[in-house]
4 protein chains.
Amino acid sequence: MAGFHTPVIIVNFKTYMEATGRRAIELAEKAEKVSRETSVCVAVAPQLADLSAVAKAVEIPVFAQHVDPIKPGSYTGHVLVESVKEAGAIGTLINHSERQLKLSDIDEIVKITRENDVLSVVCANNPTISAAVASLKPGVIAIEPPELIGTGIPVSKAHPEIVAGTVQLVREVNKKVTVLCGAGISHGEDCAAALKLGTQGVLVASGIVKAKNPYMIMREFAEAMKR
Amino acid sequence: MAGFHTPVIIVNFKTYMEATGRRAIELAEKAEKVSRETSVCVAVAPQLADLSAVAKAVEIPVFAQHVDPIKPGSYTGHVLVESVKEAGAIGTLINHSERQLKLSDIDEIVKITRENDVLSVVCANNPTISAAVASLKPGVIAIEPPELIGTGIPVSKAHPEIVAGTVQLVREVNKKVTVLCGAGISHGEDCAAALKLGTQGVLVASGIVKAKNPYMIMREFAEAMKR
Amino acid sequence: MAGFHTPVIIVNFKTYMEATGRRAIELAEKAEKVSRETSVCVAVAPQLADLSAVAKAVEIPVFAQHVDPIKPGSYTGHVLVESVKEAGAIGTLINHSERQLKLSDIDEIVKITRENDVLSVVCANNPTISAAVASLKPGVIAIEPPELIGTGIPVSKAHPEIVAGTVQLVREVNKKVTVLCGAGISHGEDCAAALKLGTQGVLVASGIVKAKNPYMIMREFAEAMKR
Amino acid sequence: MAGFHTPVIIVNFKTYMEATGRRAIELAEKAEKVSRETSVCVAVAPQLADLSAVAKAVEIPVFAQHVDPIKPGSYTGHVLVESVKEAGAIGTLINHSERQLKLSDIDEIVKITRENDVLSVVCANNPTISAAVASLKPGVIAIEPPELIGTGIPVSKAHPEIVAGTVQLVREVNKKVTVLCGAGISHGEDCAAALKLGTQGVLVASGIVKAKNPYMIMREFAEAMKR
């Protein structure tokens, strides 16, 4: 159960108060429960300040939300891949539409994470950008059209052509990379649709973190994704 | 001993491997020992991923190295003041020369930290910039000429006019703010010189973190600063 | 008429199509006409690509909208102060709320413009930031609350306390700097109010550029500002 | 002679004083002379403030060094594609290693330039990044290893595998895009080598701009590239 596998739900905690500090641990524990009950991989991406406490509390995969393109040294205020790994993260999101990076920094981070055996999940705004990212050979690409983030309009149901188009363009360049989709994912059927369109999972934030009963939503998602 | 007081030594862990993970805790424990033995305040600024573990391990003041000008919400990969506070930080560095910020972001972060009762330590490159920062009313200003950082040429001994000039310009604008200096601080006499020039302490990184015996150096610094 | 003097109206052309290319020259010629007719200084800040053509066409002061903190060298895609000066600019805006800069870059640009005898107009979002900028000793400070830009709600009429507060805070730090205000300036009376509150002019964009008859508006502004 | 064609030499004027203002025009005129004498396309990329004057003075293709991912509107201090086009540019460099961009901004700029019939020349640091850029379908890709820029060590002679590798990776993704190489190009034989490795030209800066006799160097380059 502990390792990263697909199908996968990655829960992005962003900087929501509902997923900060003690509440980050509680939410991660609910994710772990769902993971245990369904055998679907439910991973969490808490804030950096919560990373080690969350990683200690649960056995599901834990991700950072960002790392910097740096090696150990004089980089006050930056995020070293080695530090998030030692804190218990098995991977990291990068280039989320709320924290976009220079192309050369994405390339550098993908290389550094690979050297440190840390899984890179590179977010991309659209199919073309996803194809570009595929050439950099990250572990995972997550397509998230920013105009749908937080809207409750599920990309996989409302815009299947975006998801299918991404999968196709990415596969032309890179056969191996895992592809996820996100933005507006709110129901189990959105997750099922995502898998049918060729992805191997979803990246979700407010749909779970801001839900009245996050456990129920994660459970619904996982049930819909069980093979 | 626990609270922030002056004279103070703030040890910036940067992203040095010597101060990452388990070694961050060990270094913080040495700082705590010196603090206990000398009654000089020795504070530490570990990486974000190490913040909560360090704050749990020691009773000296712990600082973040950076926070972002944000409120709770959709800010993947950013650093929320509330998160570092709940993780145990009593304050944060910002605008270090290795992580410089927009003027309006410094203003915003100073306000947000104040609202959250978190101490802001704003770094500044030169006397003029220090005076500008003084108008924003942060808790602490730390002058660090970037050309001296990591050189072992102590700003307080080699360029006393920079330190004295900063104190004077800052005081014309703001009588209350605590003023520190940093860059090249390597010996106890550099710390004593810093206090004589009107500052209330020092901000140090490689001089301690990269030392063969960090405890001995911190002890030397603290002895030289005892009133 | 050619030199910069107060009271002054600086017209920021932004990247509006109404003020691009040939239309930038036409708008600058109208500004020159008003300047000639009223003896109020009307200055223009066209886009970089239009700078030299505008400066050749008119004798009023021409400003760049931004320059970078660089000396001549290997800085592809950056804006060299020397280049805008040779193209005919007598000054430059910097740190507009749409193009905000790091504090240390503002400090550096103010120094570089001074060395090149180019007038720096530093924009600031609020009174506190204006006071901070005053320590850097630029030629001009322009307070523009971003929440009012483009709204037609004139800062000088709707929020006189912001303008008066800025003038007071700035004067405590710097007696000499010229202070302008902007945001929402739409009528002659807004300009008169700005002067009454202690400023020496206004920074305007859409109120003039997007007007049906920019000449008439500029004339109205200038008449209201005549001493 | 006026249109962009290959083989091509693009001369990047950067922010060198040797290529600022009046001297930008003189250098462009020399490029035009070489273009006329050899029928090799010699294009120039002056600073923005010099763009319109250079475009008026010569009939060779003129490029901007950077544009921003914006449409007309409220973007003080930004570079509008429409403005550089009206000033006479037929294309623009973007993402030079001295002015690197976010991946999503490169994607957006490539789209905006295409809509405005402006040729995009996207710079890339290494073969992998070049392949990523190829998915965005720009007009031209220029590979320039930053560690060789300005060194006089020609990428095409000293590191043919980088150039050949780029051509191969790019062609797997995109058959049509023009590929250039740059960095350290100093002699005619470096240009000939570049063509032999499968590129269609070179991007050069200091090798020409800082030369004692830029005309002679450009002439040597063009002779070596004649088919």
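This is a predicted model: local features need pLDDT of at least 70, side-chain atom pairs count only at pLDDT 80 or more; totals for chains, interfaces and linings use all residues.
Residues are numbered from 1 along each chain as its sequence is written, chains are lettered from A and ligands numbered from 1 in the order in which they are written, and side-chain values use heavy atoms, leaving out hydrogens and water.

**Chains that stay apart**
- Chain A doesn't touch chain C, and their nearest C-alpha atoms are 16 Å apart.
- Chain B and chain D have no contact either, with closest C-alpha atoms 16 Å apart.

**The sheet in chain B**
- Here 8 strands make an open, parallel sheet in the order β2-β1-β8-β7-β6-β5-β4-β3 (strands are DSSP runs of E, at least two residues, and helices runs of H or I, at least four, numbered from the N terminus; two strands pair if DSSP finds at least two bridges between them).
- At the edges of the chain B sheet sit β2 (41-45) and β3 (63-64), each pairing on one side only.
- β3(B) pairs in parallel with β4 (residues 91-94) of chain B over 2 bridges, and A64(B) stands opposite T92(B) in β4(B).
- Helix α5 (residues 127-134) of chain B packs on the sheet against β5 (119-124) and β6 (140-143), at about 170 degrees to β6(B) (axes are lines fitted to C-alpha atoms, for helices over the stretch in contact, with angles from 0 to 180 degrees between N-to-C directions).
- Helix α7 (residues 160-173) of chain B touches β6 and β7 (178-182), at about 160 degrees to β7(B).

**The sheet in chain D**
- Chain D also has 8 strands in an open parallel sheet, ordered β2-β1-β8-β7-β6-β5-β4-β3.
- β1 (residues 8-12) of chain D pairs in parallel with β2(D) over 5 bridges, and I9(D) has V42(D) as its bridge partner.

**Helix α8 in chain C**
- Buried residues of α8 (residues 188-196) of chain C include C191(C), A194(C) and L195(C) (buried means under 20% relative accessible area, 1.4 Å probe, protein chains only).
- Their cover includes α6 (155-158), β7 (178-182), β8 (201-204) and α10 (214-225) of chain C.
- Just after α8(C), G198(C) takes a positive phi of about 105 degrees.

Conventions: Contact means heavy atoms within 4.5 Å. Buried means under 20% relative accessible area, exposed over 50%, partly exposed in between (1.4 Å probe, protein chains only).
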